[in-house]
Amino acid sequence: LYYRVVGLPIELPPLRERGHDILLLAQHFLLEFCREYHRPVPTLSTEAQARLLAHSYPGNVRELKTVMELAAVLCHQNTIEPADFQFSRSSIAPSLLDEEKTLREYTNLIVRHHLQKYDNNVPMVAKMLDVGRSTIYKMLQEGLL
């Protein structure tokens, strides 16, 4: 990436070379998504911070943003742990990082993930995602999941 400051080009190093910028950006994205999804803002555990710093981010800032959005939605505790991250080599993340999707497609992917994880327990998934059970039942009836 190149930026111009006072007419001079400046090259920004890749995210993986910017150390604690990763943590600042991760916290920013986490706050942004928790506000958007009306969820309490969890903290990042020390292990989660180390995991974020260890990743190479081939998708650069865009990948970090996607990882933090999923962590904000999938985290069920007050603290985000490394297991809450879905990096590009995971089963969910490649489709999120490799293709652009609509909000409906992202929503379906998240709901489907939770249904699989919790053995199709719709009331539990609805509670965890902070939606009504009827929303999930409707998605199932319409064949969206």
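Colour the chain by secondary structure and read along the sequence: the pattern is β-β-α-β-α-α-β-α-α-α-α. In total there are seven helices and four strands. Keep in mind that this is a predicted model.

**Whole chain**

Switch to a surface view. The chain has 145 residues, and 35% of them count as buried. Take the contacts with a separation of 6 or more: 57% of them join residues 24 or more positions apart.

**Stop 1: α1 against α3**

Select residues 21-36, helix α1, and residues 60-74, helix α3. Their axes come within 9 Å and cross at roughly 45°. That angle makes α1 oblique to α3. The crossing is right-handed. Now show side chains at the contact. From α1, pick Ile22, Leu25, Ala26, Phe29, Leu30, Glu32, Phe33 and Cys34. From α3, pick Val61, Leu64, Lys65, Met68, Glu69 and Ala72.

**Stop 2: the aromatic pair**

Stay with Phe33, one of the α1 residues in that contact. Is Phe33 buried or exposed? Phe33 counts as buried, because its relative accessibility is 4% and the cut-off for buried is under 20%. How many aromatic pairs does the structure hold? The structure holds one. The ring centres of Phe33 and Tyr37 lie 6.5 Å apart with the planes at 20°, so the pair is stacked. Tyr37 itself is partly exposed, with a relative accessible area of 25%.

**Stop 3: the salt bridge**

Go to Arg18 and Asp21. Side chains of opposite charge can pair when their charged atoms come close. Arg18 forms a salt bridge with Asp21. Check the distance in your viewer: the closest N and O atoms are 3.3 Å apart, and the cut-off is 4 Å. The count for the structure comes to one salt bridge. Asp21 has 32% relative accessibility, so Asp21 counts as partly exposed.

**Stop 4: α5 against α6**

Finish with residues 103-117, helix α5, and residues 122-129, helix α6. How do these two helices cross, and at roughly what angle? The axes come within 9 Å and cross at roughly 130°. That makes α5 oblique to α6. The crossing of α5 and α6 is right-handed. Show the side chains where the helices meet. On the α5 side, select Ile110, Val111, His114 and Leu115. On the α6 side, select Val122, Val125 and Leu129.

Notes
Residues are numbered from 1 along each chain as its sequence is written. This is a predicted model: local features need pLDDT of at least 70, side-chain atom pairs count only at pLDDT 80 or more; totals for chains, interfaces and linings use all residues. Side-chain values use heavy atoms; hydrogens and water are left out. A salt bridge is a side-chain nitrogen of Lys or Arg within 4 Å of a carboxyl oxygen of Asp or Glu. Buried means under 20% relative accessible area, exposed over 50%, partly exposed in between (1.4 Å probe, protein chains only). Rings of Phe, Tyr and Trp (its six-membered ring) pair if their centres lie within 6.5 Å; planes under 30 degrees apart count as stacked, over 60 as edge-to-face and the rest as tilted. Axes are lines fitted to C-alpha atoms, for helices over the stretch in contact, and angles run from 0 to 180 degrees between N-to-C directions. Angles under 35 degrees count as roughly parallel, over 145 as roughly antiparallel, 65 to 115 as roughly perpendicular and the rest as oblique. A crossing is left-handed if the near helix is turned anticlockwise from the far one by less than a right angle, and right-handed if clockwise. Contact means heavy atoms within 4.5 Å.
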